[in-house]
Amino acid sequence: MSLYGALFASVAGLGSQSNKIGIISDNISNVNTVGYKGGQSEFETLVTNSGIVSAYSPGGVLSLTRQNVTQQGLIQGTSSATDVAISGAGFFVVNTKADGSGSELYTRAGSFTQDSLGNFVNSSGLFLQGWPLDRSGQLPGAPGNTDTNSSTNLSSLQSVNVQQATGNAASTTKVTLSANLQASQAIFPGAAADAKMDKGTVNFGQPGKSIIVPDSVDGIARGDKFLIKTGAGLNYAYSYGGFTFSRNVGNGGSSDSGQAVQSSPLTLGATPFTTTNSNKTVTVAANANGLVNGDVVTISGESASVNGIPASDLNQSFVVSNVTANSFDITVATPATSGGTGGNSGLSVVTRPFAGNILDATTENQTFLGTTGISGFTAAALSFNITTAASGTTTFTYTNATPNAQIGQFNSLSTLADAINAVSGLTARVTNGQLFVGASDANAAVTFTNGSTTGTAGPPVQGGIDWVRELGLNNVTVGDGRFNSLDSLASAVNASPGLHAQVSNDLTNASLSINVQDPLDTISFSDQPISAPLPPYASATPFTTTASSNTVSITSPTPVTFKTGDIVTVDPPQWRITPRLSPPLTRLPPTAIPL
């Protein structure tokens, strides 16, 4: 390697860097030059072969310049009415001569002005070329155009001259706008109204997720329809429902399940026991006992032995089996010495061990099982489950200590609501002594199951607890377009194309704003109109029942349009089915929606 070679390699590097700086300088100086295409520098390594192993021959670097001719520049507005621009691929065709006989060139610069003859020329004096259209707006060479020179040929182009243009002006029908909008700028809403719960009702001041409770003050009830209509023809209906409610802890009143609390105690008739010789099984006659297999009953009042079975064996607690509507079986410790019937008249059979209206309680804050205690029940009996598709199966467990709602513990109606609300996807509230439960998604199904209703023979005899029946809760079926809170109504509205809803003050005293998304559209709200009752049933037996089920199928004389969750009233003796009567259809002003 010679000293000259080393210097040459260094100079090559300096020269390449100098070229790069020059390109950057050109880019900066032409930042406002119309149609200018920026350049970039690329370097190529020069490698030489020294020829011999003992010597090294330096190479260097070569600088190359690349013009970004295909890169889209920024389209800028100007004050000239004859300036044009291309968005996307393509070039303006220009010619060196006005008659098109010169050389064709291409440019992205769209700054043109008219010369004295009306031709469009750029700052370099080149003439803009374009296709002459016929009166039908067709290109040269198109069918029907007398100019048969195909538009694919450059020879079909002519210099653009506005003085020679003829035709009628037409208003612009479509404009494409590219702009940067302020991200923080609020979207301009269309016509809107605010929904808020009426003052003086149990629903006023509640959070957005809180279940809207049926209330006699404003007359709302499950099955009511909330209707939204827009001037552009959008029509939506949302059904109030998707929840269940317990019996009233204050008076034990009928609940959503429709099942009454078991009558307890039962009073048996004369000679209620039937025995079989050498058998420990005793059949007890008890009309309309309301029991199911596995229930625990306590018999008292027997004063004498029955067919060899001591009275002390009969005055015990038993797990019942082989239950029918009017009898059940028990198993005693001593087998009968003979078959037959016997027993005192007026024996007492406790079928429901609880005092009070719900599990010993008479108020929503009173502790469950405060009188009965928990020793008479299995561990599995002290819990029940709630299942939804979103939250899965959640177990809620009774404790006689201070409950922790976060782990599903409860000891009263109010703490049970707290435990349910601690589960994502569930919602509950206690109002006027009743527990209201539903899924946050009002369309979801909610299923209630007991931990264990089956007793164990012991000793000691321990019973199960039918929490679902004792509370009076009913399973909630899958729905569509349903809401049970302001939050779920907002979700239903937001799922409707063309509408938007938003809940404000979601944690307390929530309100709901509903608007149509089209700023030029109008919106109106109404309740479901009154529905007429169905014709009387032709059959005297329209109802079909299933053993051990509280579901009744009703055969309608005419087709019905009911949806799951609708509320109907059955009126004997003609057996008319009447959908719940809502207030007359009204149009509400776009200021407030009373719910």
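Helices (H or I, at least four residues) and strands (E, at least two) are DSSP runs, numbered from the N terminus. That's how I name elements throughout.

**Ground rules**

I'm working on a predicted model, where local features need pLDDT of at least 70, side-chain atom pairs count only at pLDDT 80 or more, and totals for chains, interfaces and linings use all residues. Residues are numbered from 1 along each chain as its sequence is written, and side-chain values use heavy atoms, with hydrogens and water left out.

**Overall look**

I looked up the secondary structure of the chain and got five helices and 36 strands. Of the 595 residues, 35% are buried; buried means under 20% relative accessible area, exposed over 50%, and partly exposed in between (1.4 Å probe, protein chains only). Next I checked contacts, meaning heavy atoms within 4.5 Å. Among contacts between residues at least 6 apart in sequence, 61% join residues at least 24 apart.

**Surface patch**

I found Phe91 in the loop between β2 (60–67) and β3 (92–95). Phe91 has 46% relative accessibility, so I log it as partly exposed. Together with Tyr106 and Leu154, Phe91 forms a nonpolar surface patch with about 320 Å² of accessible area. Areas come from the Shrake-Rupley method with a 1.4 Å probe, and for residues only the protein chains shown count as cover. Patch residues have over 30% relative accessible area and no salt bridge; like charges are joined within 9 Å, nonpolar side chains (Val, Leu, Ile, Met, Phe, Trp, Tyr) within 5 Å.

**Helix α3**

Why do I call α3 (residues 413–421) largely enclosed by the rest of the structure? Because seven of its nine residues are buried. Ser414 and Ile420 are among the buried ones. The buried residues of α3 pack against β22 (383–388), β23 (392–398), β24 (409–410), β25 (426–431), β26 (434–439) and α4 (467–471). I took a look at Ser414, which has a relative accessible area of 17%. Leaving out residues up to four places away in sequence, Ser414 touches Glu364, Asn365 and Val430.

**Salt bridges**

The rule I used is a side-chain nitrogen of Lys or Arg within 4 Å of a carboxyl oxygen of Asp or Glu. By that rule I count three salt bridges.

- Arg66 pairs with Glu42, the closest N and O atoms being 2.8 Å apart. Arg66 lies in β2 and Glu42 in β1 (residues 39–46), so the pair ties together parts 24 residues apart in sequence. Arg66 is partly exposed at 44% relative accessibility, and Glu42 is partly exposed at 29%.
- Asp256 pairs with Arg222, with closest N and O atoms 2.6 Å apart. Asp256 and Arg222 are both buried.
- Arg352 pairs with Glu470, with closest N and O atoms 2.4 Å apart. Arg352 is in the loop between β21 and β22 and Glu470 in helix α4, so this pair ties together parts 118 residues apart in sequence. Arg352 is buried at 10% relative accessible area, and Glu470 is buried at 7% relative accessibility.

Most residues other than glycine have a negative phi, and most peptide bonds are trans. I noted the exceptions here. The peptide bond from Gly458 to Pro459 is cis, with omega near 5 degrees. The bond from Pro459 to Pro460 is cis too, with omega near -10 degrees. I placed Pro460 in the loop between β27 and α4. Asn307 has phi near 50 degrees and sits in the loop between β16 (296–300) and α2 (311–314). Asp360 has phi near 80 degrees, and at 3% relative accessibility Asp360 is buried.

**Holes**

I used a 1 Å grid over the protein atoms alone: a cavity is a set of points where a 1.4 Å probe fits but cannot get out, a pocket is an open set with protein on both sides within 12 Å along at least five of seven lines, and lining residues have an atom within 4 Å of a point. Grid points are joined across faces, edges and corners, and a volume is the space filled by probe spheres set on the points.

I get one cavity of 30 Å³ or more. The largest cavity has a volume of about 50 Å³, and its lining includes Met197, Arg429 and Leu486.

The second largest pocket comes to about 1,100 Å³. Of the 48 residues that line this pocket, the closest to its centre are Gln262, Val292, Asp295, Asp466 and Arg469.
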